[in-house]
Amino acid sequence: MLLQFRVQNSSPSQSSLDSPPHLCRPEERSALLGFKSTTTLIEYCRFTPRPIIQTWNESKDCCLWEGITCDRRKGHVIGLDLSSNCLAADLTTNGSLFRLEKLQSLDLSGNYFHYPNISFGFNRWKSLTYLNLSNPVYMDGPPPFDEIILLTKLVSLDLSYNYDLFLDNIKFQMLVHNLTELRFLILDSVNMSLVGPSSLLNLTSSLEYLSLSNRNLQGNFLNQVFQRTKLVSLNLFDNFDLLLDNTKFQLLVHNLTELRFLNLSSVNMSLVVPSSLLNLTSSLEQLSLRDCSLQGNFPSQVFQLPSLQLIDLSYNYYLRGNLPLSNWSSPLKYLYIRETSFLGELPHSIENLKLLEELDLDSCQFYGSIPKSLANLTKITYLDFDSNLLQGQIPDVFGKMHKLTCLSIFNNSFGGEIPTSIFNLTHLTYLSLSSNNLTGLLPHNISGLSFLGEFRMDNNFITGRVPSWLFSLPSLYYLDLQNNRLTGTIDHTDMPNLILQKVYLSNNEISGSLPSFFFHLVSLTHVDLSSNNLSGTITTNMLSKLVNLWLLDLSNNSLLSLSNNSTGVNYSFPYLRYFIFSSCNIDKFPSFLGKVESLQGLDLSNNKISGQIHKWEIEGMMSLYTLNLSYNFLSGIDSFGFGLLRTVDLRFNLLQGSLPILSTNWNSMEQLLISGNNLTGEIPSSCCSFSSLAVLDLANNSLEGKIPECLRNLSDLFNLDLQMNKFHGRIPNSFVNMSELRTLHLNDNQLEGLLPQSLVNCSNLEILDVGNNNLNHIFPHWLGVLPRLEVLILRSNQFHGAISNSMPAFYFHQLRIIDIAQNDFIGLLPSNFFKILKGMRDVAPVKLEYLDWKQVWPMQCDDEESCSIHYSPFYKDSVNVTMKGSERELVRILKIFTTIDFSSNQFHGPIPEELGELNSLLLLNLSHNSLNSQIPSSLGKLAALESLDLSSNKLEGGIPEQLTNLTFLSVLNLSHNKLVGHIPEGKQFSTFSNDSYIGNSGLCGFPLTKNCHGEEEPGAPPKFDEEDESATLFEWKLALAGYGCGLVLGLSLGYIAFTTGKPWFVVKKVEKYQQKLIGRYNQRHKKRKTQKPNQRS
């Protein structure tokens, strides 16, 4: 709550002036009716209640009209209150209002009155004591300040939010000089930038209420204001340039001993010590210190001030403190401390706040449970515990909270079932229990919630069916139960709520057909039932009544189909923006969408749509931004030229021939993805005209010819993927202007020649893959200057020569994957090169991040203007890596994935000790070279290593015992060398087979049948420590079941769970513990128990 100090009309009230009939003077009734005839209702405000002026008529004495107060003895109109009536009128010199010469109180706030640039007649109101011209609906010049300051009897003046009113030092001095009886002065948002602080010294000593908010006051204003010792109310809200230090605050405390209302919100109080607040006057009733940059420990005794009714400390992010644990009995009604660092358990003493109406503890650090004593807050209307560390079961304390309108306990760790008393609250308008661990069923019937507008219970573990009463609540317009465990069909209701607008039930296990009533919810704008088990067929006839739809998402319901009706009726969806039916059972393009001009996003990917899409089926989508028809069976699509298109995704269809549907009208095109088809021919030059293109994916086709030089025109290109085609010739040296390029895939073509040095201009390049071509070059050490390069793939080319051992220390410092296998490199392995690979050393635990281009897709939108953004990956980078002797594709590249593959070259000499410093390395392959000497013991320091292949070299000596420290190692190949001696035992070495050591005649011990001298026959392999493994990573069980290959493949398989969202329990589990999992990479494998961190997620 933002504290606002307003002065009510101090004139005698209407009820105190009971007068005989026909007391109103005829000339004043005539003046009022004349004024009424000149007013109009502002069009902008037609949603407001009927203005009281429209109730005035001659059949009733004007002293009994609404808004009129009369003197009981002489019948003069002395008070006129037309506040917030949205009236428009001109005030002129001969205006009717100026004939009310006995007027004492006038409130015209919240209207629009034109003040012409002539004399007004305000000076006729010589008896006026109360004047309020604040909050004009429209600005049309300032009110007549020069005449207002002549009203010398004014006791209260409110000119706030007249932004055109400009006060300089002279005008303010005139106000001070003339209005000596002022007790209430409100100048919020009036321009006082040229008023000197000393002018405030001359304000009348009788001033009690002063409000100067939103004025960006500066300098010594505070010192002058704090000299007004009679002030009862002071409002300096939103003067963020005012610096209130401890000395000035002590002056306030010392001088303003009669204060009852103090608002210093958004004043800079960063230098005020919170303990200074202990000296505030005991008469204080309202204290607002919101967003003041207060920091340090807040004294809990302030909450116990004997007269305090409101305290607001919100948005002081570094303000710490606790609520009083005892002796907390006060008249407090409003308590707001959201987004502070308050912490501790909620005290039982809160039960003593019998008058408490609003409690806001959002985004603090409170922990423990909700005390049962909360049940005594019977006057509470607003209760917000969002985003804390509360846990346990929500106690059933709401039975006597009959006035509660808002209950929000979002983002805590509450478990157990939902208290039944919540469903009996009769005045509740907002309910959010989202993002907890709540279980159990929703009740079959309820007796309350008739005024509930928003029902949010997403991201829990609620089970059972969706009860019908959710769709019958008469006031509900927002329903969110996504990401739960709801099953079965949606219960039918005969009385659907026709005002329901937004329904989010995605990521559950809801099955069956959508009930018929659902298609009669005519106010629906947003529907998301994606990722369920819905079945049946939705026809255009069913959708025809949902004319207000803005978003419809039924994706990932594999048994759900969509059918066009053959009635010939043209269906109208004038507001439809997003139509998402991916991964369903659709076999024909829904041609009825071709006439939806408002459609911006269409996703029919991963269905069974076949054949040709004709122009007439899509030509009406003139507002389309995103078109996703990937993973279908389309054989063709007619050309269309929508100028607003940003994304076209036709990947993995059956398109043949030359590149389809390219239009020169696609000036806004950002993503063009047509990989995985049967396209032939060359890349047309029209591709180079898409000046906004960020992603061009033509991979996995049969395109041929040379790569066009004109691609240099695509200066905004983010990703270029031409892999797995038949391009030949040289790579064009045209990367001079492509500084935005982040990923470049040219692998698996027939390219030849040199690697162009213009690539050094691609300062944002992260991934470069030119593997499996015929390139003939030396090692491109000059790529080391690229500050963001993380993946470099040169495998299977004709690169040759030695790799320099004297590169600058800043080269390749972000490199995480380097693959130069199957080339003709010679010489020693470059020890200094391994030293500079900082991206493979001491990688800190991070979230699971991928090197991806993300497509922005608005999904859960509460309205058209403010949509939360859901990131859905369209393009996914991939590389091929060698694991267990075979090449595998990583469909997404984790930023924590680190690998070195120098295999199948002609390197000789020793393995550098420096490799052991790369303690974040996951995969090391030096096989099929001519390396000799011994395996360095420093490799035992590669704590994260999962795959080590040194096979087919000339390595000598024994296997270092230090390699048993590699507790993540799941692939080991030392075959075909000259190793001798005893094979180390224990830990991961107990899991390797003979194949890891074959071709080393001098080795002995388990698992080989050859015994070392004096040893007994090898027994069965030691039992794997299952208890230890259970403490490792639940998330990798999925991968271990398929490959037994540790984290690397686990992440690859885990990607499937994340992209499909199923099984959902795996996804939830991984997300919940991902920080804990990644933090293990650089630690020794040992049994340990983890505690839930005592911090907010």
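Strands here are DSSP runs of E at least two residues long, helices are runs of H or I of at least four, and both are numbered from the N terminus. Two strands pair if DSSP finds at least two bridges between them. This is a predicted model, where local features need pLDDT of at least 70, side-chain atom pairs count only at pLDDT 80 or more, and totals for chains, interfaces and linings use all residues. Residues are numbered from 1 along each chain as its sequence is written, and side-chain values use heavy atoms, leaving out hydrogens and water.

**Exercise 1.** Find the bridge partner of Tyr367 in E24.

- Start with the strands: E22 (residues 365-368) and E24 (residues 389-393) pair in the parallel sense over two bridges.
- Now pick the partner: Tyr367 is bridged to Leu389.
- Zoom out: both strands sit in an open, parallel-paired sheet of seven, ordered E16-E18-E20-E22-E24-E26-E28.
- Check the edges: E16 (295-297) and E28 (437-438) each have a single partner strand, so one side of each lacks a neighbour in the sheet.

**Exercise 2.** Work out which residues Phe812 is in contact with (heavy atoms within 4.5 Å), skipping neighbours within four places in sequence.

- Go through the list: it includes Phe779, Pro780, His781, Leu783, Met807 and Phe833.
- Of its 279 residues, Phe455, Phe471, Phe579 and Phe812 touch the most other members.
- Helix H1 (residues 26-37) gives the largest share of this core, four residues.

Terms used:
Core = buried A, V, L, I, M, F, W, Y, C linked by side-chain atoms within 4.5 Å. Buried < 20%, exposed > 50% of the residue type's maximum accessible area, 1.4 Å probe, protein only.
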